[in-house]
Amino acid sequence: MKGAIGFGFPALATPLLALVIDVKTAVVVLIFPNIAMDGLQATRRGGFVAGLRRFAVLLILGALGTVLGTHLLVVLPSRVVTLILGCFVVVFVLLNSTRFSPKVPSGWERWIAGPTGFVAGILGGITNVPGTPLVLYFYALGLAKQEFVRAVAITFLIYKLVQLGAIVSYGLVTWSLTGLSVGLTAVALGGFALGLRVQDRLDQRSFDRAILIFLALLGLGLIWRSAS
């Protein structure tokens, strides 16, 4: 999915793993695959430094939100985190299903970037899924396809590096989980390469619809699990 449309790995992988393991553990073991793929995507077609400059405010406030969200991940009960993740995935599906597409005038970007980054960082720290507010924001800016993919990758990369530092400082990372995360990175990169190859061969609309249905089932399953 990440290779085919440029985003969606945390939204799909985190709730899928959370069906069989603890959400906090899922966040930890997915950190290295996220960083590897976003790093490749952010630098694949150039413009990395320009992207850092343009979205500096978004990145800084998002980093602060990520630290706060990671703290909430640590202190909140696993059941609450699971419920938050399930609800968030369902909201993600509903927003995509309704094709909600706001537009941000160019003069507003500097004012909206900070709050958007902060909210996305908090959600990313708690659920490992900062994508919904960021994707909506970049889409609302009217970015071209490659600019959109690069912007998403740059912000995800910075947020994940900050998140890595935060989860290490909170003692969530162990050697066994690090080994598992490295192994998952190899698997994820294989899927990422395959996604890049099939990107132009898929009916994007049908593919997106199938993913949204799958995400909806995952989100509802997580909500049911936390409630029961």
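Tutor: We begin with a definition: buried means under 20% relative accessible area, exposed over 50%, and partly exposed in between, with a 1.4 Å probe and protein chains only. The model is a predicted one, in which local features need pLDDT of at least 70, side-chain atom pairs count only at pLDDT 80 or more, and totals for chains, interfaces and linings use all residues. Residues are numbered from 1 along each chain as its sequence is written, and side-chain values use heavy atoms, with hydrogens and water left out.

Student: Which residues in α11 are buried?

Tutor: In α11, L177, T178, S181, T185, A188, F192 and G195 are buried. These buried residues pack against α1 (2-5), α2 (9-18), α3 (23-29) and α4 (31-43), where contact means heavy atoms within 4.5 Å. Helices here are DSSP runs of H or I with at least four residues, numbered from the N terminus.

Student: Why is I60 called exposed?

Tutor: I60 has a relative accessible area of 53%, and therefore counts as exposed. I60 is found in helix α6, where L58, L59, G62, A63, G65, T66, G69, T70 and L73 are buried.

Student: How is the packing of α6 with α8 described?

Tutor: α6 and helix α8 (residues 109-127) pack at an angle of about 30 degrees, with their axes 6 Å apart. Angles under 35 degrees count as roughly parallel, over 145 as roughly antiparallel, 65 to 115 as roughly perpendicular and the rest as oblique. α6 is therefore roughly parallel to α8. By class, their contact has eleven nonpolar, ten polar and no charged residues; Ala, Val, Leu, Ile, Met, Phe, Trp, Tyr, Cys and Pro count as nonpolar, Asp, Glu, Lys and Arg as charged, and the others, Gly among them, as polar.

Student: What makes α8 roughly antiparallel to α9?

Tutor: α8 and helix α9 (residues 131-140) pack at an angle of about 160 degrees, with their axes 8 Å apart. That angle makes α8 roughly antiparallel to α9. The residues of this contact divide into seven nonpolar, one polar and one charged.

Technical notes. Helices (H or I, at least four residues) and strands (E, at least two) are DSSP runs, numbered from the N terminus. Axes are lines fitted to C-alpha atoms, for helices over the stretch in contact, and angles run from 0 to 180 degrees between N-to-C directions.
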